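Trainee: I would like a close look at one part of this model. Please take the domain layout and walk me through it.

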Amino acid sequence: MTDKTLTIGSTVALPKPELDLLMADLRNNGFQTVGPHLQDESIVYKEIAGLKDLPRGITTEQTPASFRMIQTGKERYFDFIPGSQSWKQFLFPPSHLLFSAVKEGKWQLKENDEPAPHYALIGVRACELAAIGIQDKVFLRDDFSDPIYRHRREGLFILAVNCLDPDATCFCASMGTGPRHTGGFDLCLTELDDVFLVEVGSELGRSLLSARNFELPLAFVQNTANQAMERAAHSMVRSMDTSDLPGLLTGNLDAERWMEIGKRCLSCANCTQVCPTCFCWNATDQVDILGKATRRERLWDSCFNPNYSYVVGGNTRPNIRSRYRQWLTHKLGTWKDQFGVLGCVGCGRCITWCPAGIDLTEEVAAIRAEVLA
Amino acid sequence: MTTTLINTAAHSAGYANKLLLPHWAEIVKIIPEAEGVSTFHLKFTDPEVQSRYHFEPGQFNMLYIPGYGEAAISMSSDLETANGLLVHTIRHIGNVTKAANRLKVGDVVGIRGPFGTSWPLDAIEGMDVVIACGGIGLPPLRGAIYQIIRNREKYGKITLLYGARTPADLMYPSEYETWQKAGFDMQVTVDRGDDTWTGRVGVVPMWFYHFRVDPHKTAILTCGPEIMMRFVIYEALARRIPSDHIYISLERNMKCGQGACGHCQQGPYFICKDGPVFPFRALENIFNVEEY
């Protein structure tokens, strides 16, 4: 007789169709399940109902400025490396109504009291969970707690996935964030050809999984998964040497390399939009034509936008080179002063989605070479 | 005397659940100061908000005009004579501040604040104080000036260096006599005089060529165009005034006031939260970096 009692830390084998039922359970419990979906010739994160909405049999090939999807025909649902979108859009929405104001005699304010959605994130990679951990430090500070982020974060269910097939732009191993999850999830999947291995990370995860028809995995199955994860960690072709960060960047603000990058960077802001940790935002008024009603909204912003550093009399960073320097010295430098960690998790999105193919690992190495020369 | 590099005590902790939600304040009085500059006296429409509100000189509010947005405006009130009014001297030069110029007494604006650090009036007790400001840089120091006058015996020699483009651009000229009577050495200079101007012509940092300072007991408070502050600091350091006795108020693009939106970053600092008032020592490695 076998004991099928689950505890936090348990790992079980789950037949793939059972994930469908688990997602249905999440939905019945009031969660909005969001996950990867094939759309617009890419992989986006959006509301999904079950397994049928996942990108089955799709793998990706990402290199600087290039994203390709390849059909493998395999019964695998998480065989790809994520596209341009990150989970950031669910916790820190790209646009969010803060309040509206109407002029009836005098101005009256109306708060946005729409309740925060409860999201269940399906398929969160280790680098992506690390990015959420970084944004927790940014948005949930002792002296300032962002209410929009907090309400969404508190109600979040995280179904994590271990990465087994990194792309060429990935460098999470060198950032210490992946490819294997180490905690912070409710449930964590490792996908094999015929079965998911599922690790329990929370009480809610345990309770949901208990209702499913799982098996206790044999050593061979666990071994296969462990070996696949080992291989993934060692197969990564890119890496970032963080040993001399942040000083390498913050101490060399006058490096020649900044000038050189400034010639290639288009200041298009793609890197900041795809970055899962970039947090800058702007607030704008959307006003009606009579000037009697306005909606004040929060929108993502970027340090590459010319208006970003506008002060009376002009822009404090008129040149692209200084905007790129601001981005990189913040991400890999002063971020640590502000939040105690570097702002990069090694997901590689900024490399894949830069139209000029600028690779931050290469730029850091070039600055290091210049300084040491 | 102890000096902390960053004054974190003055953060505003409010508005935890209400991102960017302002309180309404009514315009009680508008005083034209100079071409394109006027002073607004404001009062919160909610008396409870008014009684709770407290600020220190050097801090700022975010002023919201529905349909236009927000602008960071320093407090120019004298803490004790404003009778609970918020006093803001505003140069009407941006989108929001130009809209403010079209408002009338009785109109309302939104206010969030106070935000940021304040002038270190305790830390500089016992010292000679040089207040070096230019143009619209005087209003953020006005509250500090009145606090110093009120506690005049706590400070040594006070020098006020103030420069404006023309005599017509000088802020608060009717108050200079009061400041002089309180023993301030008033050194007012303009870039271009007019037919009646008999005072000094030139820029603020030039004052250092003409007077002696005791570097061991002199503190500098400076606010104005960054180029002016750069040379004030240059002259002060050249006279061996230590960098932690030089205090500077920085201006950057500010949207939230709480170190959250990212815009006002300079190096490790969020100017809105860690500043706007800094001891220069905290900025030594970044202040002179081009476009940083």
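Mentor: Start with the term itself: domain bounds here come from an automatic or database domain assignment. Keep in mind that this is a predicted model.

On that basis, chain A is divided into domain 1 (11-94 + 116-234) and domain 2 (247-279 + 302-372). The C-alpha centres of domain 1 of chain A and domain 2 of chain A are 28 Å apart. Where they touch, domain 1 of chain A gives 26 residues and domain 2 of chain A gives 23 residues.

Look at the domain 1 side. Three elements of chain A each give two or more residues to the side that touches domain 2 of chain A: strand S5 (66-71), helix H3 (126-139) and helix H5. H3(A) has the largest share, with eight residues. By class, this side of domain 1 of chain A has 14 nonpolar, eight polar and four charged residues.

Now follow H5 of chain A. Helix H5 covers 172-175, and strand S10 of chain A covers 187-191. The loop between H5 and S10 holds A:Gly183. Is A:Gly183 buried or exposed? A:Gly183 has 12 C-beta neighbours inside 10 Å, so A:Gly183 counts as exposed. In sequence, A:Gly183 and A:Ala160 are 23 residues apart. In space, their C-alpha atoms are 9.3 Å apart.

Step back to the whole of chain A. It has 13 helices and 15 strands. Its radius of gyration is 22 Å, close to the 21 Å that the globule rule gives for 373 residues, so chain A is as compact as a globular protein of that length. Along the principal axes, the C-alpha trace of chain A spans about 80 × 65 × 40 Å. Of the 373 residues of chain A, 44% count as buried.

One more surface belongs in the picture. Chain A also meets chain B, with 39 residues of chain A in contact with 32 residues of chain B. The chain B side of that contact has 15 nonpolar, 12 polar and five charged residues.

Key: Residues numbered from 1 in each chain as written. Chains lettered and ligands numbered in written order. Predicted model: local features only at pLDDT ≥ 70, side-chain atom pairs only at ≥ 80, totals over all residues. Contact = placed C-beta atoms within 7 Å. Nonpolar A, V, L, I, M, F, W, Y, C, P; charged D, E, K, R; others polar. Helix = DSSP H or I, 4+ residues; strand = E, 2+ residues; numbered from the N terminus. Rg over C-alpha atoms; globule rule 2.2 N^0.38 Å. Buried ≥ 20, exposed ≤ 12 C-beta atoms within 10 Å, placed from the backbone.
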